[in-house]
Every structure is written in structure tokens, then in C-alpha cells.
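Q: Please take a close look at the strands in this model. I would like one connected account that also covers what surrounds them.

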Number of protein chains: 2
Amino acid sequence: MDERQALAAFAALGQEHRLRVVRALVTAGPDGLAAGVIAETVGVAGTNLSFHLKELSHAGLITSRREGKSVIYSAAYAGLSDLVQFLMRDCCQGHPEVCNPAVAALAACDCTTGDTLHA
Amino acid sequence: MDERQALAAFAALGQEHRLRVVRALVTAGPDGLAAGVIAETVGVAGTNLSFHLKELSHAGLITSRREGKSVIYSAAYAGLSDLVQFLMRDCCQGHPEVCNPAVAALAACDCTTGDTLHA
DNA sequence: CCTACATATCAACTTCTGTTGAAACGTAGA
DNA sequence: TCTACGTTTCAACAGAAGTTGATATGTAGG
């Protein structure tokens, strides 16, 4: 991920409605959510939501697929990971003390063991 | 870190000049950089830089201290870590497959060992 | 105290971003 | 094919964000 992409991703996440969309989609998991459901969840008019979804999609943070009449959106896990990696890369330029709290955060997350409470 | 703070941080990072400021400060390390030096590095007029520095400071991503005539800015490592933790928290809501690439990214970074090539 | 230097504040302007309503597109069922 | 439904596109508007130049604040040295 280059600066241009990271910039787009950060800008996308720096907007209330879009951040909520991403959180909703990440929570929803790989199955994703229909545009209408997202609109209801986030509390945004359909017309407006479409604008934000396009922006998030362009930033590589979400993906979409059509299913019948509905369009299903889901989180682009790879894009999110790339963004984290971009932050990590910045943080590690000679200063491990920055990364250590992040490591601790990951350690506290069950993901590191692959044995989550939720799965 | 709550949504409001994360929003401010993401919005701050979603701006070309501010992202460069943060990268420059993280690279510079705890010693930080004088405002004038940052202006020269990033290529922004002093007046304008002051605006961006205030925004970054308000977002909790940088801190400042006065040293003689100069004001020295440095990266707020805690703030950056909190942001990573916020992303991690979102990613881990029942879906470890999102976090795993991030874990891999950290593993590739020398920070995890505390024995960096740079230190 | 006066000057020079570094940075911050202010007001004005410009540009971009987000929102809205109307209309178009694509899909499924009668 | 006609209608209903879900979603997207378009044009217009309102408001926010970034830039700029002039001015003010604070600090060090003569």
C-alpha cells in the first residue's frame, strides 16, 4: 500500500457515516449486508449511502456483489490489514517503543491464537 | 479510544500534508522536529503548517514543547497505538481471519522481538 | 528597551465534501 | 411486458476544510 492509497483509506474512515458502515460490515462478517440494511443500521438515506459506499469501495475497504434485487457489501479484510500494516511500517522506523502497545493489543485479542471466543 | 477520537484521528491522517507530518515525526523519533524544519520537510508554508499541527495535536497524534525560540513537535506514540488498537478491536469482532495478516505484519517487524536493526 | 527571529492567530477567499430530491437503471415476479 | 422493488446516478445546494497574507505573540540577544 502506497501513500496515495493510505490517504484515501484514512480519509474514508475519517467520516462518521463511513466509519460506522465499515464497523457494521466488519461485525457482519464475510456474508456482508445489503445496502438497504446498512442504510437502516447507520441511519443514512439510500441516496447518500450509495455515495459513501462508492467512496469506501474506491478506497479498497469494502467490496460488493449482487444477489437478486439486493447489492451485498462486505468488508475488504485485505484492505483493512494493509492499512494496519501501513501504520505499523511507519511506527517501526527505528522506534520499537511505538509498536509494543500495538503488540499488546493484538495479544489481548483472541485472534493471535486462532481460537476465538466467538468462532 | 472512543469513536469520536478515532474519527478525529482518521480525519487528521486523511490529509496529504498532515500524513506527511506524522510520518516525518515518527521517523524523527522522540526528539521530534522544530516547526520550521517540518515546514521545510513537508513543503508547507509556516502559516498553513501551524493550522495542521494544531489539528494533529487536537487529534492526539502529536505533542509539542518549547525549546528556546523554537517549538518542537514529536509523535504521540500512545495516540498512534490507540488508533491501531481501535482498528484491531473492530477487526476482531468474531472474525480472526481479518487480524491474522496484521499479526503477520507485526511479526515481520523487528519490534516484536525488542531487538531492532535500528536501535 | 529595541530589534530580530520563530511560531501562532485572524479574517477572507477558494475549493472540496456531504446532503438532498428527482430520475434512471437493473432485477424479479405477475 | 408491466409493475414493484432495491440501488445507483445526476444536478444543485449548503457547509466545512485548506490556503493565503497580514498581524500578533513570545523568546533571545545587543
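A: Let's begin with a term: two strands count as paired if DSSP finds at least two bridges between them. Please keep in mind that what you are viewing is a predicted model.

Start with chain A. Its 3 strands form an open sheet in the order β1-β3-β2, and the pairing is antiparallel. The edges are taken by β1 (33-34) and β2 (62-67) of chain A; each has a single partner strand, so one side of each has no neighbour in the sheet. Between β2(A) and β3(A), which run antiparallel, there are 6 bridges. For one residue pair to find on your screen, look at R66(A), whose bridge partner in β3(A) is V71(A).

Helix α2 (residues 16-28) of chain A touches β1, β2 and β3 of that chain, and the direction of α2(A) makes about 85 degrees with that of β3(A). Helix α4(A) also packs on the sheet, touching β2 and β3 of chain A, with its direction at about 120 degrees to that of β2(A).

Two packed helices are described by the angle between their axes and by the distance between the axes. The axes of α3(A) and α4(A) come within 10 Å and cross at roughly 105 degrees. An angle of 65 to 115 degrees counts as roughly perpendicular, and that is why α3(A) is described as roughly perpendicular to α4(A). On the α3(A) side, the residues that meet the partner helix are A35(A), I38(A) and A39(A), while α4(A) brings G46(A), L49(A) and L53(A). Sorted by class, this contact of α3(A) with α4(A) has 5 nonpolar residues, 1 polar residue and no charged ones.

The largest share belongs to α4(A), with 5 residues. By class, the surface near DNA strand D divides into 11 polar, 6 nonpolar and 5 charged residues.

Let's turn to chain B. Here an open sheet of 3 strands has the order β1-β3-β2, with antiparallel pairing. The edge strands are β1 (33-34) and β2 (62-67) of chain B, each pairing on one side only. The antiparallel strands β1(B) and β3(B) are joined by 2 bridges, and A34(B) stands opposite I72(B) in β3(B).

Across β1, β2 and β3 of chain B lies helix α2 (residues 16-28) of that chain, running at about 85 degrees to β3(B). Helix α4(B) lies across β2 and β3 of chain B and runs at about 120 degrees to β2(B). The axis of α4(B) comes within 10 Å of that of helix α3 (residues 35-42) of chain B, and the two cross at roughly 105 degrees. The two helices are therefore roughly perpendicular to each other. A35(B), I38(B) and A39(B) of α3(B) make the contact with G46(B), L49(B) and L53(B) of α4(B). The contact of α3(B) with α4(B) includes 5 nonpolar residues and 1 polar residue, with no charged ones.

Helix α4(B) gives the most, with 5 residues. The surface near DNA strand C has 11 polar, 6 nonpolar and 5 charged residues.

One last stop is A12(B), in helix α1 (residues 3-13) of chain B. A residue is buried if 20 or more other C-beta atoms lie within 10 Å of its own; A12(B) has 25, so it is buried. Leaving aside residues up to four places away in sequence, A12(B) touches R18(B), E55(B), L56(B), A59(B) and L61(B). The C-alpha atoms of A12(B) and V22(B) are separated by 9.6 Å, and these residues are 10 residues apart along the chain.

Note on methods: Residues numbered from 1 in each chain as written. Chains lettered and ligands numbered in written order. Predicted model: local features only at pLDDT ≥ 70, side-chain atom pairs only at ≥ 80, totals over all residues. Helix = DSSP H or I, 4+ residues; strand = E, 2+ residues; numbered from the N terminus. Nonpolar A, V, L, I, M, F, W, Y, C, P; charged D, E, K, R; others polar. Axes fitted to C-alpha atoms, helices over the stretch in contact; angles between N-to-C directions. Parallel < 35°, antiparallel > 145°, perpendicular 65-115°, else oblique. Contact = placed C-beta atoms within 7 Å. Buried ≥ 20, exposed ≤ 12 C-beta atoms within 10 Å, placed from the backbone.
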